[in-house]
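Please read these notes with the model open beside you. Each numbered point takes up one part of the chain.

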Amino acid sequence: MALHKSYTKTTNKCKVTFELPAQATTGVKKVALVGDFNNWETGATMLKKNKEGLFSVTLTLERGHEYQFRYLLDECRWENDWNADKYVKSFYGDADNSVVIV
């Protein structure tokens, strides 16, 4: 799992690429990125799988914010990003959310 950040020089935006490698998604058909940036809508942001099996999606986020998120695999299993900037307790259940700081 990885987060790649690309800051723009002319705007207050940052392009963040969220990635899940093939070894983290063996047998997985669909991956959704769910978080603050899409109101925790489970079908709003789907990752695309490339021919090597890597799932990824790039979002443009506003700089100067922290965004909580998690991955939803095949609509039934929640995962955090192994390379998140930090983790915080979720309001729901006994879990942590990943955080990306831009």
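1. Terms for the fold. Helices (H or I, at least four residues) and strands (E, at least two) are DSSP runs, numbered from the N terminus. By that numbering, D36 sits in the loop between strand 3 (31-35) and strand 4 (48-49).

2. Basis of the note. This is a predicted model, in which local features need pLDDT of at least 70 and side-chain atom pairs count only at pLDDT 80 or more, while totals for chains, interfaces and linings use all residues. Residues are numbered from 1 along each chain as its sequence is written, and side-chain values use heavy atoms, with hydrogens and water left out.

3. An unreviewed UniProt entry places the feature "domain: CBM20" at residues 8-102. UniProt positions are given in the numbering used here, feature names are shortened, and annotations may be inferred rather than shown by experiment. Over residues 8-102 the chain is 46% strand and 0% helix.

4. D36. How exposed is D36? D36 has a relative accessible area of 34% and is therefore partly exposed; buried means under 20% relative accessible area, exposed over 50%, and partly exposed in between (1.4 Å probe, protein chains only). Leaving aside neighbours within four places in sequence, D36 is in contact (heavy atoms within 4.5 Å) with E66, Y67 and Q68. The side chains of D36 and W40 are joined by a polar contact of 3.0 Å. A polar contact is a pair of N or O atoms within 3.5 Å; within protein, one must be able to donate a hydrogen and the other to accept it, and residues adjacent in sequence count only if both atoms are side-chain atoms. From D36 to S98 the separation is 62 residues in sequence and 11 Å in space, C-alpha to C-alpha.

5. Salt bridges. Side chains of opposite charge can pair when their charged atoms come close. A salt bridge is a side-chain nitrogen of Lys or Arg within 4 Å of a carboxyl oxygen of Asp or Glu, and the count by this rule is five. One of them joins D85 and K5, with the closest N and O atoms 2.7 Å apart. This pair links distant parts of the chain, 80 residues apart: K5 is in strand 1 (residues 2-7) and D85 is in the loop between strand 7 and strand 8. D85 is partly exposed at 35%, and K5 is partly exposed at 32%.

6. Two further salt bridges. R77 pairs with E79, the closest N and O atoms being 3.1 Å apart. R77 is partly exposed at 37% relative accessibility, and so is E79 at 23%. K89 and D96 form another salt bridge, at 3.6 Å from N to O. Here K89 counts as exposed at 57%, whereas D96 counts as partly exposed at 30%.

7. D81. D81 lies in the loop between strand 7 (77-79) and strand 8 (86-89). Its side chain reaches the backbone nitrogen of N83 at 2.8 Å. Not counting residues up to four places away in sequence, D81 touches several others, including M1, E19, Y71 and S98.

8. L59. This residue lies in strand 5 (residues 55-62) and is buried, with a relative accessible area of 15%. Beyond four places in sequence, L59 touches C14, K15, V16, F18, L33, F37 and T45. L59 and T45 are 14 residues apart in sequence and 9.1 Å apart in space, C-alpha to C-alpha.

9. Cysteines. A disulfide is a covalent bond between the sulfur atoms of two cysteines. With a cut-off of 2.5 Å between the cysteine sulfur atoms, the count is zero disulfides. C14 is buried at 0% relative accessibility, whereas C76 is exposed at 64%.

10. Backbone angles. Most residues other than glycine have a negative phi. D74 has a positive phi of about 50° although it is not a glycine, and E75 has a positive phi of about 60°. D74 is in the loop between strand 6 (66-73) and strand 7, and E75 is also placed in the loop between strand 6 and strand 7. D74 is partly exposed at 27%, while E75 is exposed at 59%.
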